[in-house]
Amino acid sequence: AGWTKAGLNGTIYMRDNGNGGQVATYTTGSGGVNGGSSIIAMGQGFWVKADNSGTPSLIATEDVKLPGASATFFRKSSPTDLLRIALVQGARRDEALIHFRENATETYDKGDALKLKNSTVFNLSSLLEDERQLAINSLPSIGCSRTIKLNLSEVTPGGYSLEFSELETLNMDGTS
């Protein structure tokens with residue numbers, strides 16, 4: 001409540017300067033990576049991206065503030081059909097999120113979030129056919145098989161691992 005937006009996609013970006021300049025990203029309907037969420041802390045700087053559908057505008061009223069501690073917190077249901085991928089080296093990590101959903105396309109659309117480069121941490125993203133790098137990539141249904149290209153940048157020599165999570169959210173009965 002309290003937000004009025006036009007000409008913007010559903011993604012917010014916040015730089016976490018306490019975590020090596022890593023970019024926390026959140027997109028409506030899919031979730032977030034690197035600690036990104038739908039809640040923006042008071043005083044927190046953030047970015048949004050225009051979607052070229054008109055003159056972009058973003059208006060926030062007092063209603064955007066969260067209720068006090070005595071208010072009931074109503075949770076939203078969690079998105080399904082997610083695949084979270086993390087590139088990890090020791091305590092450092094960067095995440096990419098793949099969201100399989102019915103209204104997504106193979107190209108960049110409103111459910112996607114561009115990858116903004118971390119300033120001092122390596123970078124992991126998914127890669128579209130047009131070479132655009134995404135932090136959050138919404139794709140059509142999983143199907144029987146699918147190849148998703150990943151991109152690594154600013155990676156220095158050393159040991160890394162890939163972690164896959166939220167696999168339990170995937171609908172594996174062949175209907176999505």
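The model is predicted, so local features need pLDDT of at least 70 and side-chain atom pairs count only at pLDDT 80 or more, while totals for chains, interfaces and linings use all residues. Residues are numbered from 1 along each chain as its sequence is written, and side-chain values use heavy atoms, with hydrogens and water left out. Strands are DSSP runs of E with at least two residues, numbered from the N terminus; two strands pair if DSSP finds at least two bridges between them.

**The open sheet**
- An open sheet is formed by 3 strands in the order β2-β3-β4, with antiparallel pairing.
- Its edge strands are β2 (11-16) and β4, each of which pairs on one side only.
- From one strand to the next, the twist averages 15°, where axes are lines fitted to C-alpha atoms and angles run from 0 to 180 degrees between N-to-C directions.
- Between β2 and β3 (residues 22-27) there are 6 bridges in the antiparallel sense, and tyrosine 13 stands opposite threonine 25 in β3.

**Strand β7 and its partners**
- Of the 9 residues of β7 (residues 92-100), 7 are buried, so this strand is largely enclosed by the rest of the structure; buried means under 20% relative accessible area, exposed over 50%, and partly exposed in between, with a 1.4 Å probe and protein chains only.
- β6 (residues 82-89) pairs with β7 in the antiparallel sense over 8 bridges, and the bridge partner of valine 88 in β7 is arginine 93.
- The hairpin of β6 and β7 has 2 residues between the strands, and glycine 90 takes a positive phi near 60° there.
- β7 and β10 (residues 133-139) run parallel and are joined by 4 bridges; phenylalanine 100 stands opposite leucine 139 in β10.

**Serine 126**
- Serine 126 lies in strand β9 (residues 123-127) and counts as buried because its relative accessibility is 0%.
- The side chain of serine 126 makes a polar contact with the side chain of asparagine 137 at 3.2 Å; a polar contact is a pair of N or O atoms within 3.5 Å, of which, within protein, one must be able to donate a hydrogen and the other to accept it.

**Asparagine 52**
- Asparagine 52 is placed in the loop between β4 (31-33) and β5 (57-60).
- This asparagine 52 is exposed, with a relative accessible area of 74%.
- The C-alpha atoms of asparagine 52 and glycine 7 are separated by 6.2 Å, although these residues are 45 residues apart along the chain.
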